[in-house]
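Here are my notes for you, as numbered points. Keep the model open while you read, and turn it as you go.

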Amino acid sequence: TVGGQQAAGVAPEYVTFKELRQLCGSILEMACTLLCHFCQATRSSIHSDFERSAQGSSVLHGLLNFLLDVRASAQMGSSPIDSGVLEYLVELDTALRSSQNL
């Protein structure tokens, strides 16, 4: 063990930037998908006034804003996100917006 923290062979000795970027992309996909499923499970809507303060609506609003920012940065050509992940997030954004009639 190194400082009692890690057993030998459990963590790689090095990781390429490409591998790290792929891992971050996968985490981003999973996080956005989980947030989307949460919004569906809570039947969140941005149109209902009485739900406006509900947690689900806040999460939905934040997710839609984040995905809009991702799209905007991609259109400007300044997105550090891999193309496959970006394509998935754009499709997720489109599906969320269509379910909200936006």
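1. Let's begin with a term: a salt bridge is a side-chain nitrogen of Lys or Arg within 4 Å of a carboxyl oxygen of Asp or Glu. D82 sits in the loop between α2 and α3, while R21 is in helix α1, so the pair links distant parts of the chain, 61 residues apart.

2. A word on what you're looking at. This is a predicted model, where local features need pLDDT of at least 70 and side-chain atom pairs count only at pLDDT 80 or more, while totals for chains, interfaces and linings use all residues. Residues are numbered from 1 along each chain as its sequence is written, and side-chain values use heavy atoms, leaving out hydrogens and water.

3. Next, α3. Helices here are DSSP runs (H or I, at least four residues), numbered from the N terminus. Helix α3 covers residues 83-99, which is 17 residues, and it reaches 24 Å from first C-alpha to last. That is close to the expected 24 Å, the expected span being 1.5 Å times one less than the number of residues. Just after α3, N101 takes a positive phi of about 60°.

4. Which residues of α3 are buried? They are V85, L86, L89, L92, D93 and L96. These residues lie on the same side of α3 because they cover an arc of only 125° around the axis; the arc is that of the directions from the helix axis to the C-beta atoms. On the other side of α3, S83 and E87 are exposed. As for the cut-offs, buried means under 20% relative accessible area, exposed over 50%, and partly exposed in between (1.4 Å probe, protein chains only).

5. What do the buried residues of α3 pack against? Their partners are α1 (17-41) and α2 (55-75). Contact means heavy atoms within 4.5 Å.

6. Now the core. A nonpolar core is a set of buried Ala, Val, Leu, Ile, Met, Phe, Trp, Tyr and Cys residues joined through side-chain atoms within 4.5 Å. The largest one has 13 residues, and C32, L63, L67, L89 and L96 touch the most other members. Each of α1, α2 and α3 supplies at least two residues of this core.

7. Back to charges: the structure holds 3 salt bridges. D93 pairs with R71, the closest N and O atoms being 3.1 Å apart. D93 lies in helix α3 and R71 in helix α2, so this pair ties together parts that are 22 residues apart in sequence. D93 also pairs with R97, at 2.8 Å between the closest N and O atoms. Those two both lie in α3, 4 residues apart, about one turn of the helix. Together, R71, D93 and R97 are linked in a network of salt bridges. D93 is buried at 1% relative accessible area, whereas R71 is partly exposed at 26%.

8. How many disulfides are there? Counting pairs of cysteine sulfur atoms within 2.5 Å, the total comes to 0. Take C39: its sulfur is 6.7 Å from the closest cysteine sulfur, in C36, so the two are too far apart for a bond. C39 is buried, with a relative accessible area of 4%, whereas C24 is partly exposed at 43%.
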